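Open the model in your viewer and keep the selection tool at hand.

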Amino acid sequence: MYSKFVFGALLFFSSFALAQNSKTANTVLAGGKPVHTYAQLPAVNKPAPKFTLTDVTMKDQTLDSYKGKYLILNIFPSVDTGVCSASVHHFNEDAASIPNTVVLCISKDLPFAQKRFCGAEGIKNVVMLSDFRSDFGKTYGVEITDSAMKGLLSRAVVVIDPSGKIIYKEQVADISHEPNYEAAIKAVKN
């Protein structure tokens, strides 16, 4: 009798925990197959969550490091994939030339790999930042929680205005697709 009660209680609390998790979890596709991220992206018109990330010189960079500028957060799994590389190249060429705007390319790649990539590819107009030792992926809801890509970041773009408020966000529905560059750039120009 006691074991049935304990089993029932465990089942109830497990169901409750799953229900709570499903309210915040986000489903995206990776090559057409569903994967889940830690949560939804932060809301538009709200203050951007604080973060500390590591640059290619192994120094910490925070949200406050870029205070007073528009920020385009180009978030992706790894710079060593075709689509991720394409997004860095695209933002390096287009968005980086917009006045008072900094493009932060954020992944779990080690700073050494990011530096190597930028040197080999001639990337000079974006800032590469690594989430290898922070909680950025969870704070922004983009950390993948299952599949072979568990622990990496999903593909997303977040635009933050000079006051620190989120003015645009896009969780790319399929990680194998590029983000909507034009919409992100338009958000900065409006």
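Select C105 and show its sulfur: the closest cysteine sulfur, in C118, lies 7.6 Å away, too far for a bond. The structure holds zero disulfides, a disulfide being a pair of cysteine sulfur atoms within 2.5 Å. C105 is buried, with a relative accessible area of 0%; buried means under 20% relative accessible area, exposed over 50%, and partly exposed in between, with a 1.4 Å probe and protein chains only. Select C84 next: this cysteine is buried, with a relative accessible area of 0%.

This is a predicted model, in which local features need pLDDT of at least 70 and side-chain atom pairs count only at pLDDT 80 or more, while totals for chains, interfaces and linings use all residues. Residues are numbered from 1 along each chain as its sequence is written, and side-chain values use heavy atoms, with hydrogens and water left out.

Move to S85, found in helix α2 (helices are DSSP runs of H or I with at least four residues, numbered from the N terminus). S85 is buried, at 15% relative accessible area. Not counting residues up to four places away in sequence, S85 touches V79 and F117, contact meaning heavy atoms within 4.5 Å.

Now select α2 (residues 82-93) together with α5 (residues 181-189): their axes come within 11 Å and cross at roughly 35 degrees. Axes are lines fitted to C-alpha atoms, for helices over the stretch in contact, and angles run from 0 to 180 degrees between N-to-C directions. Which residues meet here? From α2 come A86, S87, H90 and F91, and from α5 Y181, E182 and A184.

Conventions: Helices (H or I, at least four residues) and strands (E, at least two) are DSSP runs, numbered from the N terminus.
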